[in-house]
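Notebook open. I wanted to look up the annotated stretch and then the ligand site.

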Amino acid sequence: MERAVIDAVIEKIKSTEDPSKGSDRIKEIVNRFTRDLFYAIEDLDIQPEEIWKAVDWMTNTGRNNEWGLVVAGIGLEHFLDLRMDEAEAKAGITGGTPRTIEGPLYVPGSPESVGYAELETEPEVGAERLYMQGQVKDDAGNPIPNAKVEVWHCNLKGMYSIFDSSQPPFNLRRAIITDAEGRYKFKSILPVGYSCPPGGCTDQLLQAIGRHGSRPAHIHFFVTAPGYRKLTTQINIEGDPLIWDDFAFATREDLVPHITRYSEAEAKEKFNIDEPFASIDFDFVVHKEKAGVFDAEIERTHGPR
Ligand code: MBD
Ligand code: FE
């Protein structure tokens with residue numbers, strides 16, 4: 001079919017729109033997507049059975065609440081990051097801690113404390129203990145007191161509390177308010193990598209295109225402070241073999257901090273801590289709010305549906 005014929009079909013569909021009803025923005029987007037879809041069907045000679053299979057797959061993906069995984073897995077969430085980076089650069093906002101995707105597993109309402117938090121509601125048996133600490137700063141290097149550092153990560157099974165009812169609610173999720181010197185510190189465990197539910201819709205899709213659905217071990221953060229742009233980011237656990245092979249494309253230079261390990265003897269002697277531990281120093285550098293740039297607080301639904 002000629003493109004002109006497809007364009008005529010789209011024009012015919014558009015002609016049924018009532019100009020006094022609905023949203024111009026949504027009309028524009030829907031018409032564009034429909035046209036691009038019809039072009040793709042024509043160019044790739046997509047068959048009716050393939051369309052109905054895709055409809056079933058989309059239905060199941062929604063039923064299983066896997067769209068957040070799919071959005072991460074096809075690189076769409078990372079692409080949105082790249083577009084936000086570009087929009088900020090155009091407005092003169094550069095440097096600072098790089099943003100990277102939120103992912104689908106944040107839940108608001110974590111227990112809050114000032115300066116320090118222990119993330120384990122329930123002790124994680126067999127885990128390597130982690131202390132992570134640093135400052136929240138502005139891009140001139142000034143510490144920001146009263147900033148909120150929200151942190152969340154998975155347990156040794158690669159599962160996130162709230163989504164995984166076998167853990168206490170908010171296990172491995174906390175909010176830490178920085179102290180007078182802009183400092184935060186938390187005790188937790190080194191998490192492991194995450195894998196999409198085996199046999200689920202995202203896994204099926206990735207298998208069908210010869211990809212895997214795993215992420216390197218990582219820890220998520222939101223950093224917010226009045227008058228500053230929200231930072232959404234993650235760090236990766238140094239040494240994970242998937243660091244540059246993340247199915248969600250979230251790894252970025254500057255987000256793989258060095259881990260220092262202390263033996264039981266060193267922990268006792270230098271820190272008076274009764275077990276060996278891993279330590280990460282990491283400062284978050286955020287930007288002042290600026291007029292005329294998009295709002296870095298992105299509205300989206302959180303938690304299990
Ligand atoms: C995760 O833990 C995650 O961070 C992302 C982006 C996708 C799936 C699981
Ligand atoms: Fe995650």
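This is a predicted model: local features need pLDDT of at least 70, side-chain atom pairs count only at pLDDT 80 or more; totals for chains, interfaces and linings use all residues.

I started from UniProt, where an unreviewed entry lists residues 132-160 as "domain: Intradiol ring-cleavage dioxygenases"; such annotations may be inferred rather than shown by experiment. Over residues 132-160 I get 0% helix and 41% strand (DSSP runs, helices H or I of at least four residues, strands E of at least two). The end C-alpha atoms of that stretch are 19 Å apart.

Residues are numbered from 1 along each chain as written, chains are lettered from A and ligands numbered from 1 in written order, and side-chain values use heavy atoms, without hydrogens or water.

Next, ligand 1. Which residues surround ligand 1? I found Leu69, Ile101, Gly103, Pro104, Leu105, Tyr160, Tyr194, Arg215, His218 and His220 (a heavy atom within 4 Å).

I then checked polar contacts (N or O pairs within 3.5 Å). Oxygen atoms of ligand 1 lie 2.6 Å from a polar side-chain atom of Arg215, 3.2 Å from one of His218 and 2.9 Å from one of His220.

How values were computed. A polar contact is a pair of N or O atoms within 3.5 Å; within protein, one must be able to donate a hydrogen and the other to accept it, and residues adjacent in sequence count only if both atoms are side-chain atoms.
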